[in-house]
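This report covers the overall build of one protein, from its fold content to its domains.

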Amino acid sequence: MLFFLLLILSAFILIQTAPTEQSESTTIFSTDKLPSNGSSLDYRILPYIGNGHVATVVFSDFIYMNGLYNGENGTSHRARIPSTLNWQFKISPSSSLYTLNVSSGIFIETLENDEIRIERYLLASQEYTELLIAYVVLTRLAPTGRKIVVPVEVNEQMTSIDIDFTVETRNNEHVLLSGKTRQVENSQFQKELLSVFVYYTPLPAEGLELDSEETNRTYLFVTSIDEIKSRAKQSFDYATNERQPHEILLSHVSRWNDIWSNGYVEVTGNDELQKQINSAFYYILSSLPPLSTRSEHKQFYGLSPGSLSRGGLLGEDYGGHSFWDTETWMFPSVLLFYPTLAKEILSYRIALRDSAVDNARLFGYEGWRFPWESARTGVDVTPDCCPEVRLYQMHITGDIAFAARQYIAATGNRDWLLNELGGELIYETARFWGSRAVYNNEKQQYEILTVLPPDEDAQPFKNNSVFTNAVASLSILLADSVSCITNKKTPQSWLDIASTLHFPFDNLTQTHLEYEGFDLKNTTIKQADVVLLGFPIMWPMTDQVRRNDLLVYEPLTRDDGPAMTWSMHSIGFIELGDFDKAEQLFRRSYETYVRPPFNVWTEAKSGVGAVNFITGAGGFLQAILFGYGGIRLRLDQLEFKPRGHLPNQVTKLIFHGLKYQGTTIDLTIDNKVYEIFVRAQNSNDSVPLTYKHGEHYGSLKLNDRLSFSIDSQLIIRRSVPLCP
């Protein structure tokens with residue numbers, strides 16, 4: 001009976017969870033030899049398991065928990081919890097296989113010799129987010145009649161550089177570690193050290209066994225981690241006492257299946273690109289809370305460029321801090337498929353608003369000014385190495401407001417505006433820009449001076465960054481657009497700023513200048529900056545200016561810049577119909593940044609930099625969605641205008657589960673036509689929608705299936721505007 005259950009379980013994990021109509025090969029990443037760095041494993045390019053609350057790189061020494069940081073101000077970093085999953089089997093296998101299944105969120109180690117097969121499943125539970133599970137199946141290959149013992153190399157650690165741990169309990173059933181971090185991040189906003197409780201199943205000292213007549217045996221090793229002791233214990237007890245081991249796995253797999261059912265991208269004609277898309281989504285989603293869980297809701301503490309599974313050392317993977325990467329690079333692709341998770345991302349900024357208020361006052365301004373690097377408390381935790389970015393890189397406040405703009409555009413969520421402080425976020429970020437701009441009598445325009453643009457090579461600061469001025473203007477206009485709901489009147493002085501901010505522009509070449517005084521011929525830049533005006537900002541400009549910006553800034557960009565730069569250039573050239581150039585840049589955006597065998601993203605193409613660099617993964621996904629998908633989300637409408645030139649021999653793209661105003665839409669694109677199918681409408685928050693295609697108008701209803709020729713524009717709107 002047990003063997004039969006295991007067969008069912010294995011089939012369910014490996015096959016049934018693959019996104020609909022996708023080949024299993026595009027969701028499975030396997031190798032018979034783990035990557036190494038000399039004589040030890042190369043943890044930099046090993047994959048991770050996570051669920052937005054806890055995460056770990058497989059076989060590594062540390063686990064990390066959402067919101068658990070140690071270190072004061074600029075030394076703050078993710079607190080290292082000793083791993084309970086980094087033990088190894090002491091056998092000499094004749095074969096081995098290591099598999100990351102991104103559709104089920106499980107890492108599987110399979111070892112085999114003449115006597116026995118060992119399968120270890122590692123997962124961060126979607127059912128109860130406090131749980132990390134190691135599920136081990138022993139299968140006899142030798143004849144019965146002799147007991148088989150599998151020795152285990154235990155790497156049990158109970159100490160941490162970041163946390164003072166005490167062993168409260170140790171028995172055959174569980175070990176309980178209780179601890180507190182050693183430093184508060186900022187005494188003004190964090191009054192006490194952070195607590196953490198770790199319950200885990202001890203490993204049997206004698207090893208894992210099959211009795212002489214046993215053919216199969218299952219072991220379950222449970223770790224439960226939380227800042228509240230009772231919550232950690234409740235989840236541990238549930239997993240160890242209330243459920244059968246296979247039920248825990250099946251529940252987890254089922255919930256991952258629900259994630260993929262809610263939204264994914266399907267590619268026809270290029271399995272390798274499909275794998276890139278699947279793994280990119282997996283690595284971002286693994287650092288976000290589940291769509292569905294039995295755990296209590298917890299405050300989410302942001303997406304870091306190196307994911308939730310890294311950042312335990314100052315200067316390594318950015319210490320687990322959140323930057324503009326969260327809202328600018330990862331947020332958009334999450335929003336279109338998983339708007340509830342997009343709201344979780346925004347909730348992080350809202351929760352830390354008191355620090356944003358203080359940060360604005362500290363520099364003599366009003367409203368909410370968000371820090372360049374944020375961790376637990378929302379104070380600026382930029383290390384002392386980099387004072388320029390701490391002082392001047394303030395476009396992040398506009399980036400967060402732009403994410404709020406996208407969220408309202410996609411959802412029209414009035415409750416978020418009125419009852420979840422979304423309206424406050426929008427108004428107070430606009431207030432900051434209202435206090436930050438100054439009037440120049442000579443130019444008869446407003447200016448924003450002494451800032452650092454997205455191009456961090458522009459040290460130490462510049463005046464009138466075009467990107468900064470654009471997001472500042474849109475921040476103010478957003479506050480005005482939703483004022484009919486929030487009842488927060490936008491002062492005319494703010495609107496004057498939004499409409500008359502100075503944008504440096506070279507009339508001779510018809511090109512935007514990155515900042516005032518920028519040398520178009522002799523300056524090197526780090527990453528995408530001016531090109532972001534075209535997308536995602538969608539700042540009004542002619543096609544010629546858009547083309548000039550792209551052509552001028554591409555050769556000025558450092559060759560070793562981060563991946564997401566080339567995603568934005570690719571989107572721009574798709575817009576302009578230069579498809580060969582777009583594909584060249586699209587390939588450049590991922591091919592040299594993704595490391596086999598588990599598709600782990602690196603920040604730099606030479607060397608490694610930050611890993612797993614989900615910022616780059618987010619930029620890559622935007623090239624798929626907004627470049628080849630031709631999707632544009634504006635404040636008052638959703639637009640589709642796919643060009644039909646699909647990437648890398650792809651014959652069809654299908655976007656399953658796009659969400660707009662409570663309606664779920666599937667978008668299918670080939671090289672001649674595109675089709676939308678209205679798959680579902682949420683009875684709680686959907687609103688009637690209308691569509692416009694050329695001279696044709698109509699209402700959009702459930703189960704409608706409409707086809708249009710490539711290169712033509714479809715516009716979908718609410719039948720009643722958010723603000724009539």
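The text below treats secondary structure, dimensions, surface, charge and domains in turn.

The model is predicted. Its secondary structure comprises 18 helices and 37 strands. The radius of gyration is 26 Å, close to the 27 Å that the globule rule gives for 724 residues, so the protein is as compact as a globular protein of that length. Along the principal axes, the C-alpha atoms fill a box of roughly 90 × 60 × 50 Å.

Of the 724 residues, 63% count as buried, that is, under 20% relative accessible area. Among contacts with a separation of 6 or more, 67% are between residues 24 or more positions apart.

The accessible surface of the protein comes to about 26500 Å². Carbon and sulfur atoms account for 48% of that surface. As for charge, the protein carries 62 positive and 85 negative side chains. The centres of these two sets lie 2 Å apart.

The domain assignment gives the ranges in the table.

| Domain | Residues |
|---|---|
| domain 1 | residues 1-264 |
| domain 2 | residues 302-503 |
| domain 3 | residues 509-597 |

How far apart are the centres of domain 2 and domain 3? Taken over C-alpha atoms, the separation between these centres is 22 Å. Contact here means heavy atoms within 4.5 Å.

Terms used. Residues are numbered from 1 along each chain as its sequence is written. This is a predicted model: local features need pLDDT of at least 70, side-chain atom pairs count only at pLDDT 80 or more; totals for chains, interfaces and linings use all residues. Side-chain values use heavy atoms; hydrogens and water are left out. Helices (H or I, at least four residues) and strands (E, at least two) are DSSP runs, numbered from the N terminus. The radius of gyration is taken over C-alpha atoms; the globule rule is 2.2 Å times the number of residues to the power 0.38. Buried means under 20% relative accessible area, exposed over 50%, partly exposed in between (1.4 Å probe, protein chains only). Accessible areas come from the Shrake-Rupley method with a 1.4 Å probe; for residues, only the protein chains shown count as cover. Lys and Arg count as positive and Asp and Glu as negative; His and the chain ends are not counted. The place of a charge is taken as NZ of Lys, CZ of Arg, CG of Asp or CD of Glu. Domain bounds come from an automatic or database domain assignment.
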